[in-house]
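Work through the exercises below with the sequence and the model at hand. Each task is followed by a solution in steps.

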Amino acid sequence: MRRVVFAVIGIAIGLSFLGITSLSLQSRRESPADSTAIKRDFVFLGPAKAGMTKAGFNPSGSITVFHLADEQGTDKMKVEVEGLPANTNFTVFLHELSDIPFGSSQYIADLTTNRSGRGSAMIRTVILEAFAIKTAGDPPTVRMEDVNLKFVAIWFADPKDSAAFLPAGFPALAFDGDRSSGPVVLGTVDPLPNP
């Protein structure tokens, strides 16, 4: 009987150790070391800046990118913002340029602030090697234009949410899935590196 009890205890300890080791390895894969992280801070910009500042808003935030595309097929980017209007929808874009008119752009995520004006999003897509191309030919063998998308910006998703901060008659823009958005509010100014 004692042998059975010791055997069961030994198996339980072995399985526990295996489980902890497995979780540790999985955690390392899904949460890369901070030393591999690429961080960029957002700056407050765009046509709503004066109106938002007057209303007491001073948003800020950052992105943290982990280059995982070679191993996992996509990079991972965490977006964190604060100081924005509460319970408001925003969109996240990759851009060719760091300021208006931004050049080629790619819509990559939505972000919604909480009641304190904070929001975050975890995005899994190609970030560091993101580019836009324009091709020609049938089949499209001619690469006419090739631009890197090295900047990230946050836009009001709905023009109604930004209207109070803008001059009267400011037009709706197209930085949302329904092609109707407010202006940019935060953006990175330092480009992301090539991997």
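Buried means under 20% relative accessible area, exposed means over 50%, and partly exposed lies in between (1.4 Å probe, protein chains only). The model is predicted, so local features need pLDDT of at least 70 and side-chain atom pairs count only at pLDDT 80 or more, while totals for chains, interfaces and linings use all residues. Residues are numbered from 1 along each chain as its sequence is written, and side-chain values use heavy atoms, with hydrogens and water left out.

**Exercise 1. Classify phenylalanine 175 and its ring partner, tryptophan 155, by accessibility, and describe the ring pair.**

Step 1. Phenylalanine 175 has 19% relative accessibility and therefore counts as buried. Tryptophan 155, at 4%, is buried too.

Step 2. Rings of Phe, Tyr and Trp (its six-membered ring) pair if their centres lie within 6.5 Å; planes under 30 degrees apart are stacked, over 60 edge-to-face, and the rest tilted.

Step 3. The ring centres of tryptophan 155 and phenylalanine 175 are 3.6 Å apart and the planes stand at 10°, so the pair is stacked.

Step 4. Helices (H or I, at least four residues) and strands (E, at least two) are DSSP runs, numbered from the N terminus. Tryptophan 155 is in strand β9 (residues 151-156), and phenylalanine 175 is in the loop between α4 (159-162) and β10 (184-188), so the pair links distant parts of the chain, 20 residues apart.

**Exercise 2. How many salt bridges does the structure hold? Examine three of them.**

Step 1. The criterion is a side-chain nitrogen of Lys or Arg within 4 Å of a carboxyl oxygen of Asp or Glu. Four salt bridges are found in the structure.

Step 2. Glutamate 82 and arginine 118 form one at 3.7 Å, N to O. Glutamate 82 is in strand β3 (residues 75-82) and arginine 118 in the loop between β5 (105-112) and β6 (119-125), so this pair links distant parts of the chain, 36 residues apart. Both count as partly exposed, glutamate 82 at 34% and arginine 118 at 48%.

Step 3. Arginine 143 and aspartate 146 form another, with the closest N and O atoms 2.8 Å apart. Arginine 143 is partly exposed at 48%, as is aspartate 146 at 43%.

Step 4. In the bridge of aspartate 158 with lysine 160, the closest N and O atoms are 3.9 Å apart. Aspartate 158 is partly exposed at 26%, but lysine 160 is exposed at 68%.

**Exercise 3. Where is valine 152, and which residues does it contact?**

Step 1. Valine 152 is in strand β9 and is buried, with a relative accessible area of 1%.

Step 2. Contact means heavy atoms within 4.5 Å. Leaving aside neighbours within four places in sequence, valine 152 is in contact with Phe42, Ile63, Met77, Val92, Phe93, Leu94, Leu186, Gly187, Thr188 and Leu192.

Step 3. Valine 152 and valine 79 are 73 residues apart in sequence, and 9.5 Å apart in space, C-alpha to C-alpha.
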